[in-house]
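Could you open the model in your viewer and keep the selection tool handy? We will take a short walk through it together.

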Amino acid sequence: MKSYISLFCFSLIASSSAFPQGYNVGDKATDFKLKNIDGKFISLSNYPTAKGFIVIFTCNHCPYAIAYQDRINMLDKKYKSMGYPVIAINPNDPEIVPEDSYENMVLRAKEKKYTFPYLFDETQSIYRKYGAKKTPHVYLLQKKGSDLTVMYIGAIDDNYQDATQVKDHFLADAVDALLADKKPDPAVTKAIGCSIKDKLVKN
């Protein structure tokens with residue numbers, strides 16, 4: 001019995017270690033270095049003049065992610081010049097979903113004329129560190145000195161099906177709040193999308 005309990009506890013610890021809880025609003029986010037669709041590796045440190053970042057975990061195959069492609073482009077075009085560029089990250093394992101392969105990321109970015117980096121989280125370590133659960137899942141970061149502070153987590157808006165029927169522009173409102181030296185309200189919303197396809201998790 002004791003050996004069973006010990007094994008169970010070890011499994012919980014191992015699981016917790018492999019999959020940390022992720023960031024909460026107010027946490028300090030760490031930088032990363034991931035491969036972009038142009039073959040170059042991108043870090044947030046490559047943007048020394050940015051005021052912050054709109055980090056969006058997204059992908060090719062998910063209907064929710066597809067529905068937001070044009071809106072993400074529009075967000076980048078609007079806010080990049082104001083200091084908040086979009087950094088998109090594909091967290092999915094292409095062995096589970098071949099459509100989300102790096103090669104297909106390159107094709108999708110070209111097809112949709114992405115104006116933002118589209119990075120491949122090949123080891124799936126970054127999405128786990130952030131705690132993303134869905135595609136798309138947003139983490140709005142603000143630079144505070146040398147720190148990157150998480151200021152908003154959740155959805156892009158309240159209607160993935162029809163951009164013309166959106167009532168609450170959660171992400172845009174959050175960025176606007178930061179630009180006005182205010183805190184986003186709400187600071188957390190529920191991300192709606194497909195589950196992230198992880199090689200270590202049965203989806």
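Which handedness does the disulfide of Cys62 and Cys194 have? Select both residues: the torsion about their S-S bond is about 85°, so the disulfide is right-handed. Their sulfur atoms lie 2.2 Å apart, and a disulfide here is a pair of cysteine sulfur atoms within 2.5 Å. Cys62 belongs to the loop between strand 3 (52–57) and helix 2 (63–79), and Cys194 to strand 9 (residues 194–195), so the bond ties together parts that are 132 residues apart in sequence. Helices (H or I, at least four residues) and strands (E, at least two) are DSSP runs, numbered from the N terminus.

Both Cys62 and Cys194 are buried (under 20% relative accessible area; exposed is over 50%, partly exposed in between, with a 1.4 Å probe and protein chains only). Now select Cys59, which is in no disulfide; the nearest cysteine sulfur, that of Cys62, is 5.0 Å away. Cys59 is buried too, at 1% relative accessibility.

A note on the source: this is a predicted model, where local features need pLDDT of at least 70, side-chain atom pairs count only at pLDDT 80 or more, and totals for chains, interfaces and linings use all residues. Residues are numbered from 1 along each chain as its sequence is written, and side-chain values use heavy atoms, leaving out hydrogens and water.

Next, select Lys35 and Tyr102: the charged end of Lys35 sits over the Tyr102 ring, 4.4 Å from its centre (NZ of Lys or CZ of Arg within 6 Å of the ring centre and within 35 degrees of the ring normal).
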